[in-house]
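Here are my notes for you on this model. Keep the structure open beside them and follow along point by point.

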Amino acid sequence: MARELIIAKTVAEAVAAKTGSATFVAGGTEVNRLGSPNDADVLISLKRCSGLSDISTDSGYVTIGSMCTFQQLVESAETPEYLREAALFMASRTKRNMATIGGNIASLRSDSYLIPTLMAVGAVLEMAGKDGSSNRIGIAEYVDGNEVGSLIVSVTIPSEAKVVSKRYANTAQSHAVLTMSASLSEEGIWLDGAVKNVGLLHFCDLEKAFRDDPDISEEKIIEMVRSCTGLHTADDMFGSDEYKRYLIAVTAYDLHKRLTGKEA
Amino acid sequence: MISCTINGKKRSFDIDPTKRLREMLLMNGNFAVRDSDDAEGFCGSDTVLLDGTPVFSNLVLAGEVEGCEIRTPDSLGDSMHLSVVQQALIDAGVVQSAYNAPAAALLMTWLFENDPEPSREAVKDALSGIFIRDASYEQYYLAAELIKEKNKYGEYKSEIAPEFRPHLKAVGKNMPKVDAPQLVSGERAFVEDYVDSDTCYMVVLRSPYAHAYVNKIDTSKAEALPGVIKIITAYNCPDVTYMSAGQGNPEPSPHDRKLLNKKVRHVGDRVAAIVAETLEEAIKARDLIEVEYEPLPAVFTVEEAMAEGAPLVHNGYVEYNAGAPDDLDEYNAKLSGDEREGHVLYQFPLNGDVLHNVAAANHGGIGDVDKAFAEADAVVEATYQTSQIQHTPLETHICFSKMENGRLIIYASTQVPYHVRRIVSWVTGLSENKIHVIKTRVGGGYGSKQDILVEDLTGYASFATGRPVLYHNTREEEFIANSTRHPMRVHVKMGGNKDGQITGIYMKVDANTGPYGNHALTVPMNSCSKTLPLFKCDNMKYDLTIYYTNTPPAGAYQGYGTPKGTYGLMMAMCELADKLGVDYKEMVLKNHVEEGYMLEILKGLGEGREGNVVSVGSCGLREAVEKGCEMIEWGKREESDDPDWKIGKGFAMIMQGSGLPGLDHANAIAKLEMDGSVIITSGAADIGTGLDTIIAKVTSDILCLPMNLITVISGDTDSGAFDTGSYASSGTFFSGNAAVVAATNLKEKILDEAGYQLEESVEDMELRWPGEVHSKKTGEVLSFYDIIHTSTSGTGRGHLIAPGSFTTTAASVPYGAHFAQVAVNIKTGEVKVQKFYALQDAGTPINPEAALCQMYGAALKSIGHTLYEDMKLDENGTCVNANMTDYGVPMISEQPDDFKAVLIDVDDPDGPFGAKSISEIACNGAAPAIGNAIHDACGVWIRSWPMTPEKILRELGKIK
């Protein structure tokens, strides 16, 4: 149970208040929810923090303030379509009114709505340093554990990108067993996903397989994922290990097909 | 100090800023901002507008709203001054149990304030954050149309629902449910709204073990805390054995539990109850209780329970109130009889055998099934498994009780006020005249409030302490400590001939009742008694066994066992049709019962005694099947543009009952008040389904009196007379008929009194609208006011009061057919229900718009049971998805795009004004309709709930 609430008015105030026993609260749908792992003594609310809710476009890139809600992403004309699609994975409008892009990234959930898409397009995060400095890191780096706990100021992504995504959940409101996004660049396909109870994954072996052989068969992809020792899926309430591996494989194949125009 | 504007008024609060906004709003009296999910951000009962945007107030910190504008549901209009939106929700019939109806009204208001002409998609989006369990979302779309029309034209243009019986003014007409204004506006209605300010709080310490003896409980540290009033354990509670089912006494359920037991039998079982002056103190005390458990091996499935040498869930001595077997002593000698086990008391034999974990059993049949199978052209045999399902009412179980002048007053959210009173009487030792049960509005029951799950403990706590006590389940407790739908294994063998004639049916049902036997016999029995009578078949047999296990408890659930039996039988029938190469529709039409068919199968299917053999009465089954087939274009193959998606169609015929003939009993008392208005007091328990409105409507048509001059008081054990309660689809038929009898008796008294006052023959008197008596002979007219004024003048013949009592052996059976069109992705196993049509013969639908909503609500709920809902237990018996998000209820996103409810017009000779039951039956069709449609789409039979993508992929051979 938190003992203190600090309403930060600026990024500097928020960062300054962040001590070991404090945590940031963005939309509140994660930190304040039932079953939240948060047990901080001090909550730093970012809702009054100036400059964190803007969306702007510059030189082919869109920069989104970390306090932009999912619903802002849905409604803004500047939001790339691929991110709008990911934001709509959150089925509850009321929750979309509250949850923020920064909060969703910072919570690093293994059923994240947005991170697979942001990873697939190589999103860059602007982080606020304790000393007032700021630095930019790739989202993959953040996911790897760098800068976790620091304040995300904004997220920058390409205005246009060829991205497709797919989310699987029991019901629209349930936690996803798998969310996967794929993008296509000059280097080839990029595949990222959130696998429930496993984590946020970059599927480099699959990328390589598709890049090496764009016509690789679905059966080969299924077999590859089925036998992959580096994938630590397991039986749980969201499905069996075998089901999850199968789903990852057929989804990767399908997303590749959609991106490369090889749909039947 | 936090300052903000609430509903246009500036307010300041001295509150810890880390508290939730909802808590602050409750301090301000905005109690219609409710909580259904313990701050999960799922159900939306806590929705408010924060600076004009809908948010979950439980997820907002109080300190974050400094300077903000907040709008709550109670700002929209009170029950005497409803807004257009509130009125439209009422008129569309969606205000049913209505725990979060005010929040839904707020969302719809917000939608229209921002978009006066919202599309269907916009309505869907606005309601995507609110969970509606009772009425589904379909009629909200209608409500949106009504709002648009009212705003644009000043009146409604759309048809709300078809109306019936043009010669009547109230029955069969679309009229506001009598409690709807109170409910939609968020006035005091539910138990939590009546809690006194000096109330103590009770919490329960629950078992972490599925099966263990409780050898010692040390409460000394907890009791030393200031504010702790009392801690109740198995070592200081009454030594009374009973059970929780609210059924007619003597119950067809074993008495096998005490208030708290020295043996816990499931994870979540009661260990201690802590009463303290504040909730925080009670929780703190709970954490300080030290318990010494002696864990025991546990069983979780019927397969484990029936295994040779399985651990015994009940190992105490067995007793009988009547009909004890001769060898009982010998039998008991084989049981441990450990004092900690307690004992199992059967009111009469139910074929129980606790030595083999059998709580109850039943076997029977007609004809010769073995011969039928031997001679059949084809036989199919398969097992269908159903899952453990939670009711998830928006209002979790709650009870408030207090002592007043030696009487125990209980505010209960219950389907069975009189059974609550009886069971609390047993537990406390108070006689029933010393207990007053007040049923408030009920925020969703669906069978779970037919069990006395919290009133026994709360009532006893008040009795033992003399203090007012509030108990309110958390959402997690709803899953782990309440009743649930029995998981069942339904094995069906069915034989038939090439002409489509079914020659023999065998059902073997193994049900899992969990640790206690409440409803052990009756719920599983319905899997046979409300399914086999659909078939015109001379050879039918059933074997029904109900097992004790250490899972969370099972109990009553809307539909009882019928959805599961229907699933097995209709799937098997479809499999048989497939095997014989016969069209399924033709097979259904060839084999279903028709009016006059004698239902010999019912003889063995009574509830613990011989059943009534009756013939089929009014029956709209054939019309439902034929009309539904037309609507869904049965036989026409639909193709998807995407080769991975395959489309199929399926349907199932369904039936239920209208109460329990020969068992149920209802009463009402009608009084002519001093101004000629009428108060009718009913023992009935309206649980949001419109029963009070039914009582008012039948009274209105019988007495020729406008609805606004009739008030229904129900569910109050002090003022009403006995009613068995709202379960087994009895409300309309039994309580409605009791009101018919009372109103008819009052009518006769009024006519008699009018004749007396006019000095004319009563035969010359007739009632006329609106509330007057006319002499056919002299043309004289007396208003009801004139009559009652004179009769109570001191020289008159006194107050006109008429009781009405109703029992019957007549069975008014509702029938129907539910249809589904699904799309199945053969690559991923995903299923989309594209179309769902529910066609039902409900006799005369007394509240047509509410009837449609109940059909929609039950159908969507059962779509959820079929595809998504499943309580998952780990190897220790702990439910790992005891929250709304992980459990998986259907919401607006899961609702079929093409969703229709159709009322088949049948006038029943025994129902009140021809009415039958409506709601429970609507739970029965989805599973077989969807299961058969999945087979039609992709060729696989999914023989277990929920029909998940993984199971479909497995059947398709995509995974092993």
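This is a predicted model: local features need pLDDT of at least 70, side-chain atom pairs count only at pLDDT 80 or more; totals for chains, interfaces and linings use all residues.

1. Where they touch, 10 residues of domain 1 of chain A are in contact with 14 residues of domain 2 of chain A. Helix α1 of chain A (residues 11-17) supplies the largest share of the domain 1 side, 4 residues. Sorted by class, that side of domain 1 of chain A comes out at 6 nonpolar, 3 polar and 1 charged residues.

2. Now for chain B, which is divided into five pieces: domain 1 (2-75), domain 2 (84-192), domain 3 (195-296 + 397-472), domain 4 (488-658 + 811-955) and domain 5 (666-806). Notice that domain 3 and domain 4 of chain B are each written as two stretches.

3. Have a look at domain 2 and domain 4 of chain B. Their centres, again over C-alpha atoms, are separated by 29 Å. On the domain 2 side 26 residues are in contact, and on the domain 4 side 22. What classes do the residues on the domain 2 side fall into? There are 12 nonpolar, 7 polar and 7 charged.

4. Next, the place where the two chains meet: 43 residues of chain B are in contact with 34 residues of chain A. Four elements of chain B give two or more residues to its side, namely β4 (53-56), α4 (120-126), α23 (884-887) and α25 (949-955). Of these, β4(B) gives the most, with 4 residues. The chain B side as a whole has 17 nonpolar, 14 polar and 12 charged residues.

5. Finally, a helix pair in chain B. The axes of α19(B) (residues 691-703) and α20(B) (residues 731-758) come within 9 Å and cross at roughly 30°. Angles under 35 degrees count as roughly parallel, so that is how α19(B) and α20(B) are placed relative to each other. Their crossing is right-handed.

6. Which residues of α19(B) meet α20(B)? Among them are Leu691(B), Ile694(B), Ile695(B) and Val698(B), and the residues they face in α20(B) include Gly731(B), Ala739(B), Val740(B) and Lys747(B).

Definitions and conventions
Residues are numbered from 1 along each chain as its sequence is written. Chains are lettered from A and ligands numbered from 1 in the order in which they are written. Axes are lines fitted to C-alpha atoms, for helices over the stretch in contact, and angles run from 0 to 180 degrees between N-to-C directions. Angles under 35 degrees count as roughly parallel, over 145 as roughly antiparallel, 65 to 115 as roughly perpendicular and the rest as oblique. A crossing is left-handed if the near helix is turned anticlockwise from the far one by less than a right angle, and right-handed if clockwise. Two residues are in contact if their C-beta atoms, placed from the backbone, lie within 7 Å. Ala, Val, Leu, Ile, Met, Phe, Trp, Tyr, Cys and Pro count as nonpolar, Asp, Glu, Lys and Arg as charged, and the others, Gly among them, as polar. Domain bounds come from an automatic or database domain assignment.
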